[in-house]
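Hello,

Here is the structure I promised to pass on to you. Have a look at it first, and then read my notes below.

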Amino acid sequence: MIEMLSAKEIESYLIFLKEQEKSKETIEKYKRELYDLLKFLSQKDLTKEVLILWKTKLQNNYSASSVNGKLVAANGFFSFLGRHDLRMKLLKIQKEIFSKEEKELTRQEYVRLVKTAQKKGNIRLSLVIQTICATGIRVSECVGLDLDDVDLKNNGIKIHRKGGAEVVVYFGEEVRNALCGYMEERKLITPVSG
């Protein structure tokens, strides 16, 4: 007897995830991953051997972290179905302590990005690039900032990390002056003296 997955089972799992208060983005990602798996399994028996073929195919086409994201979605789904025998091991990923040099922006690339944003009239993007590069904060942390997080007197930005921790990162005078100018121009703050 051939055992197959169904869209109905996937939809039940997605409802379960919603009830577990998973984020909309997580639910959309899992939906995409599970429907891709369903497409792969089309007319195939749902066995561990077939799933290992799927995992191998993923490894040949995606980075290890992307493969693990797909496996996490599938494993959660199989646990939901009570089919722990179908769960697959995640790939081992060796963390790099330092990023590869070719992944880092050169000073020339940084200046070009900032100037291009300014030339296109996107001052806000220019400031985001400058702030990220001056402080080393993550893009996700930058997106979560609001006016109260910026301390212009001490050249610092309060970052809210996962788990509720707050960290202050500092930036130089050049970024401070650019941020001050932007905020003063938009009347977000009263003019700040030196």
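**What I found**

Setting aside neighbours within four places in sequence, Gln-59 is in contact with Val-67 and Leu-91. Please keep in mind that this is a predicted model. Gln-59 and Leu-91 lie 32 residues apart along the chain, and their C-alpha atoms are separated by 9.1 Å. You will find Gln-59 in helix α3, which covers residues 48–61.

Another residue to look up is Lys-70, which sits in helix α4 (residues 64–80). Its relative accessible area is 10%, so Lys-70 counts as buried, the cut-off being under 20%. Which residues does Lys-70 touch? Not counting residues up to four places away in sequence, they are Lys-29, Glu-33, Trp-54, Leu-58 and Tyr-62.

Next, a pair of helices. Helix α6 (residues 123–135) packs with helix α8 (residues 173–185) at an angle of about 150°, and their axes are 10 Å apart. Angles over 145 degrees count as roughly antiparallel, and α6 and α8 are therefore roughly antiparallel to each other. The crossing in which α6 passes α8 is left-handed. On the α6 side, the contact is made by Ile-123, Arg-124, Leu-127, Gln-130, Thr-131 and Ala-134; α8 contributes Val-175, Ala-178, Leu-179 and Tyr-182. Sorted by kind, the residues of this contact between α6 and α8 are seven nonpolar, two polar and one charged.

Now for the chain as a whole. How many helices and strands does the chain have? There are eight helices and three strands, and from the N terminus on they run α-α-α-α-α-α-α-β-β-β-α. The chain is more spread out than a compact globule, because its radius of gyration is 23 Å, well over the 16 Å that the globule rule gives for 194 residues. Taken along the principal axes, the C-alpha atoms fill a box of roughly 80 × 40 × 30 Å.

Of the 194 residues, 31% count as buried, and Lys-70 is one of the buried residues. Among contacts between residues at least 6 apart in sequence, 47% join residues at least 24 apart.

Best wishes

Definitions and conventions:
Residues are numbered from 1 along each chain as its sequence is written. This is a predicted model: local features need pLDDT of at least 70, side-chain atom pairs count only at pLDDT 80 or more; totals for chains, interfaces and linings use all residues. Side-chain values use heavy atoms; hydrogens and water are left out. Axes are lines fitted to C-alpha atoms, for helices over the stretch in contact, and angles run from 0 to 180 degrees between N-to-C directions. Helices (H or I, at least four residues) and strands (E, at least two) are DSSP runs, numbered from the N terminus. Angles under 35 degrees count as roughly parallel, over 145 as roughly antiparallel, 65 to 115 as roughly perpendicular and the rest as oblique. A crossing is left-handed if the near helix is turned anticlockwise from the far one by less than a right angle, and right-handed if clockwise. Contact means heavy atoms within 4.5 Å. Ala, Val, Leu, Ile, Met, Phe, Trp, Tyr, Cys and Pro count as nonpolar, Asp, Glu, Lys and Arg as charged, and the others, Gly among them, as polar. The radius of gyration is taken over C-alpha atoms; the globule rule is 2.2 Å times the number of residues to the power 0.38. Buried means under 20% relative accessible area, exposed over 50%, partly exposed in between (1.4 Å probe, protein chains only).
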